[in-house]
Amino acid sequence: MGDKLSNDIPQSNVSYLSDVQNSVNQLTCFREINVEPEILSLLPGLVASKASGIDGISAKILKIAAPAIITPSIVSIFNQSIATGIFPSDWRVARVAPIHKTCAKHDMENYRPISVISIIAKIMEKLILT
């Protein structure tokens with residue numbers, strides 16, 4: 001059933017690359033991220049039961065490991081991303097799943113898409129937003 005639904009989705013000829021290339025230099029106006037106040041303050045807000053992105057890093061594992069082990073590495077990656085103006089391409093990939101809303105399951109109009117992105121990407125997006 002999922003194969004039929006995915007085959008019914010029209011292909012897009014829109015290229016996102018021009019938008020990405022136009023905004024590359026915009027990241028360089030941000031300041032560096034600090035470990036304690038910024039990264040660690042976002043961890044309690046992560047929902048541990050949410051699905052992990054394509055990188056396989058779950059919110060539960062991140063909440064457990066980040067404070068003691070991996071936060072300095074994450075901060076280094078985030079700051080390198082800001083300094084270079086490059087948002088890693090793996091963080092731009094989402095796993096999209098159709099979720100049935102109501103009525104007939106064979107009608108594509110009765111589904112809504114759910115996009116699951118990397119937990120690390122979500123944290124980076126929240127930091128950029130603030």
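Phe 87 is buried, and Trp 91 is buried as well. I start there, in what is a predicted model. Phe 87 and Trp 91 form an aromatic pair, edge-to-face. Centre to centre they are 5.4 Å apart, with 75° between the planes.

Now the other partner of Trp 91. The ring centres of Phe 78 and Trp 91 are 5.7 Å apart. Their planes stand at 85°, over the 60 degrees cut-off, so this pair is edge-to-face. Phe 78 sits in helix H4, while Trp 91 sits in the loop between H4 and strand E1. The pair therefore ties together parts 13 residues apart in sequence. Both Phe 78 and Trp 91 are buried. Phe 78, Phe 87 and Trp 91 make up one aromatic cluster.

Next, the helices. How do H4 and H5 cross? Their axes come within 11 Å, at roughly 60°. The crossing is right-handed. From H4, the contact includes Leu 62, Ile 74 and Phe 78. From H5, it includes Ile 120, Ile 123 and Met 124. The contact residues are eleven nonpolar, one polar and no charged.

Last, Ile 123. It is found in helix H5, residues 119-129. Buried or exposed? Relative accessibility is 2%, under the 20% cut-off, so Ile 123 counts as buried. Beyond its sequence neighbours up to four places away, Ile 123 touches Ile 39, Leu 42, Leu 43, Leu 46, Leu 62 and Phe 78. Take Leu 46: 77 residues from Ile 123 in sequence, yet 8.9 Å in space, C-alpha to C-alpha. And Phe 78, touched by Ile 123, brings us back to the aromatic cluster.

Definitions and conventions. Residues numbered from 1 in each chain as written. Predicted model: local features only at pLDDT ≥ 70, side-chain atom pairs only at ≥ 80, totals over all residues. Heavy atoms only, no water. Helix = DSSP H or I, 4+ residues; strand = E, 2+ residues; numbered from the N terminus. Buried < 20%, exposed > 50% of the residue type's maximum accessible area, 1.4 Å probe, protein only. Contact = heavy atoms within 4.5 Å. Axes fitted to C-alpha atoms, helices over the stretch in contact; angles between N-to-C directions. Left-handed = near helix turned anticlockwise from the far one by under 90°. Nonpolar A, V, L, I, M, F, W, Y, C, P; charged D, E, K, R; others polar. Phe/Tyr/Trp six-rings, centres within 6.5 Å; stacked < 30°, edge-to-face > 60°.
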